Amino acid sequence: MHSPAANADSRLSLWRRVREYAVPPSMIETATARRVVGDWAGACAAARVDVDLDLRAVVRRHGRDLAARLRTDLRHLAPDLLRWHMPRIAPDGLLRPGLTVSLARYGPADHDDAEPVHLVARTPPAWADADQRISLALWAGSRAGRDRSHPQPDRRFRLDLHRHLWDARRADELRTRSGAPQVTADACPDPTWAALRQRGYAVHRWATEATLLLQAERGASGAVTVRLSPRRRLLLDVESTGTDRRTPTAHIVGAPRAGRVAGLPVLPHAATWMTPDLELLHLGLIEADRLHPLVAAALAPHHPTVGAPASPDPKASPRLVACRGAGHRIGLVNGVLTPLDHDPAEVHREELLVALTGTPLPCLQAIDEAHRRPESLPDIRARLDHGDFAGALAAVEALLGPDALLPDGKLRQELDNAALRRITYGLFRAGLSGHGPATCDRDWRPKRGHRSHPRHTIAR
């Protein structure tokens, strides 16, 4: 059984990885530039968010008032900020698959609608999660929920009560709703609360957040369920106190089984935990200039941050190789990784020797190893897993050159698998894959021994 400290370290390690790969700086910069000029659709495209709604159809189905409110929300939607805060899963911090998250809830549009209309963000199932794309759509009541491909909004993962996690107008609210403790652990008399706070739970916000939840569910007080783990839950009793009846208090009244709290409101996941960025900042695991600009402005307002977070320079410098008792260099020449301390005639002779099953020069061995199993393969793989194909391609080109040809090896396999996953996602979006993994034509795979340009390996 893992200790609380080990679990906390694992969780923060996951979020540190997410912050490094999931929302690349180029995405933030492009999406922000398009959003500030009113191009919300362009911002969504830059943040790999598919738009599955038609505003004209919304007017016909739900009326002009609802369509106007929706249009306003879309203009202020920061899709890169939404991706930054979307729920994720271990061990790699990928988007939680098959999820429908409510972003905004609008009142019943007409007399025929028995339930509110939701603006929702959806993630594809795990078998179609290539490119880690998100889609936007409207969800209109339980009738839509009967469709397996359009499930109802999740009760636990909801952002309609946390607009600051996606609405640029309210991003500064993260400072007060991040879950940062307002008092020290010594000032908390209840050891249960203190223990939960040390594990990263935003316990001092629970009363206020639970009250917001109850008000949204048309109740000023009552019981709220807090999900701590798949098998552990707490029951909070929320009351309004004080002369103005506006100061909420919460008391833990028990730890019931899951079946006994099925009908009670569930405290949203975003309100249950402290914001991971806050913990990463406090522990020195991330710098403020590596945060999303809207997040940095809220959590580190005095830190100078301009534009998107900084990214490392992908340009590679010559590398040293121990070759025949000397230190030789290999580097990029005319877009190809080349031995710099051997003349072309010598390199040509060595390549002929290799073709005759001879042993190549150490410099040529290092170049071949870089093409098949580069040291930066974990970084490239992480970028591919999080859908950053442009970043992965830039890393490959910085390592091997833009004109490199890839032989069989782990690098080539990762790029091929990424291309196949993108094909699967395309079939899923087109409705051609049913409700399970698509079967791709095996003859599509490049033949063994075929050398491919890295740009041609990734399906566009």
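Which residues of the largest nonpolar core touch the most other members? I will come back to that after a few words on the whole chain, and please keep in mind throughout that this is a predicted model.

The protein chain has 19 helices and twelve strands, and of its 460 residues 46% count as buried. If we take the contacts with a separation of 6 or more, residues 24 or more positions apart account for 64% of them. The chain exposes about 23700 Å², of which carbon and sulfur atoms supply 51%.

Now to the opening question: the core has 52 residues, and the ones that touch the most other members are L74, L103, L119 and L136. As general background, nonpolar side chains in soluble globular proteins tend to be buried together. Taking L136 by itself, and not counting residues up to four places away in sequence, we find that it touches C44, V49, D50, V51, D52, L53, L74, L77, L103, V120 and A121. Another core, of 24 residues, lies apart from this one, and among its members are C323, F389, A404 and L415.

Let me turn to the sheet, an open one of four strands in the order 1-6-5-4, with mixed pairing. Strand 1, residues 49-51, and strand 4, residues 100-106, each have a single partner strand and stand at the edges, so one side of each is left without a neighbour in the sheet. From one strand to the next, the twist averages 30 degrees. Strand 1 runs parallel to strand 6, residues 134-140, and three bridges join the two; within this pair, V49 stands opposite I134.

Next, a helix pair: helix 4, residues 55-62, packs against helix 5, residues 64-76, at an angle of about 145 degrees, and their axes are 7 Å apart. On the helix 4 side the contact involves L55, V58, V59 and H62, and these meet R64, L66, A67, L70, R71 and L74 in helix 5. Sorted by class, that contact has seven nonpolar residues, one polar and two charged. L74, then, belongs to this helix contact and is also one of the residues I named for the largest core.

Once its neighbours within four places in sequence are left aside, T275 is in contact with L174 and S178.

Key: Residues numbered from 1 in each chain as written. Predicted model: local features only at pLDDT ≥ 70, side-chain atom pairs only at ≥ 80, totals over all residues. Heavy atoms only, no water. Axes fitted to C-alpha atoms, helices over the stretch in contact; angles between N-to-C directions. Contact = heavy atoms within 4.5 Å. Nonpolar A, V, L, I, M, F, W, Y, C, P; charged D, E, K, R; others polar. Pairing = 2+ DSSP bridges. Core = buried A, V, L, I, M, F, W, Y, C linked by side-chain atoms within 4.5 Å. Buried < 20%, exposed > 50% of the residue type's maximum accessible area, 1.4 Å probe, protein only. Areas by Shrake-Rupley, 256 points an atom, 1.4 Å probe, with all protein chains shown as cover.
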